[in-house]
Amino acid sequence: MDWGTVTTEDLIEALREVDWSSPPRPPSEFFSRFTFPRSSSKWNSRVKCNLYYYRTNYFIMIVAILALGFLRRPLAIVAAFLTTLSIAFLNDSFAGTFSEKVTRTVRQFSPHLAAKMRPPLTPVIRGRPSAKRAIFICGRPRWVFVLVFFLASFFLWFVSCGLLTVLWALAIGLLSTLLHASFRTPNLKARLNTFREEFRAVWRNYSEL
């Protein structure tokens, strides 16, 4: 597909809604071939393609860099974990999977409590939801979990005095991601995997296009 026509907003929206449970690409593919982009338009298209195709690899790499920076700060590790969860909750697929697994575990001990953790039903008019589908986690709006986990992680960052460390580690992780996405040549597998119909299928308003 022509990644030059895909806007940054579309890419962010697709990354937010796409399934992140897929395994990472093998290292032999991740570190296979690197070339310098021929033009700024080629670079722009390559970065978007690689960010979408190697999303799981980049996520693991950033988490690993953050973990290395906090080996001597146990509270900072917990804070990094909570921060990662708060960001992961922004992804629709992860939020739904997390809520389902937690509800299933609670049901084994308290079916009554598990029933209260079900998301509210969305009214359907003429075969379509009457409103934009909201994401719920354990029966509560997603933003509640994002806010709680973010505030808890911020408190632990403050207590552990590791905020400067996480900024440096995060900067290194993002820079490494940008460098790899800029110079990793997309192979045929990546181009086929990111075909336009697959990419558009994860758009939130795909049925209305």
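I take contact to mean heavy atoms within 4.5 Å, and with that cut-off I looked up F98, which touches F89 and I137 once residues up to four places away in sequence are not counted.

**Ground rules.** I note that this is a predicted model, in which local features need pLDDT of at least 70 and side-chain atom pairs count only at pLDDT 80 or more, while totals for chains, interfaces and linings use all residues. Residues are numbered from 1 along each chain as its sequence is written, and side-chain values use heavy atoms, with hydrogens and water left out.

**Whole chain.** I found eleven helices and four strands, taken as DSSP runs (H or I, at least four residues, for helices; E, at least two, for strands) numbered from the N terminus. Of the 209 residues, 35% are buried, where buried means under 20% relative accessible area, exposed over 50%, and partly exposed in between (1.4 Å probe, protein chains only). Among contacts with a separation of 6 or more, 81% join residues 24 or more positions apart.

**Annotated segments.** I read in the unreviewed UniProt entry that "transmembrane region" covers residues 52–71, 77–98, 143–160 and 166–183, bearing in mind that such annotations may be inferred rather than shown by experiment. Over residues 52–71 I see 85% helix and 0% strand, with end C-alpha atoms 30 Å apart; over residues 166–183 the chain is 100% helix, and the end C-alpha atoms are 26 Å apart.

**F98 again.** I placed F98 in helix α6 (residues 92–109), and F98 counts as partly exposed because its relative accessibility is 25%. The C-alpha atoms of F98 and C138 are separated by 8.6 Å, although these residues are 40 apart along the chain.

**S182.** I then turned to S182 in helix α9 (residues 163–183), which is buried because its relative accessible area is 5%. A polar atom of the S182 side chain lies 2.6 Å from the backbone oxygen of L178, and the contacts of S182 beyond four places in sequence are T35, P37, W43, R46 and V47.

**Salt bridges.** I counted two, requiring a side-chain nitrogen of Lys or Arg within 4 Å of a carboxyl oxygen of Asp or Glu. In one, R142 pairs with D92, the closest N and O atoms being 2.6 Å apart; R142 lies in helix α8 (residues 142–160) and D92 in helix α6, so the pair ties together parts that are 50 residues apart in sequence. Both R142 and D92 are buried. R104 also forms a salt bridge with E100, and these two, being four residues apart in helix α6, are separated by about one helical turn.

Terms used: A polar contact is a pair of N or O atoms within 3.5 Å; within protein, one must be able to donate a hydrogen and the other to accept it, and residues adjacent in sequence count only if both atoms are side-chain atoms.
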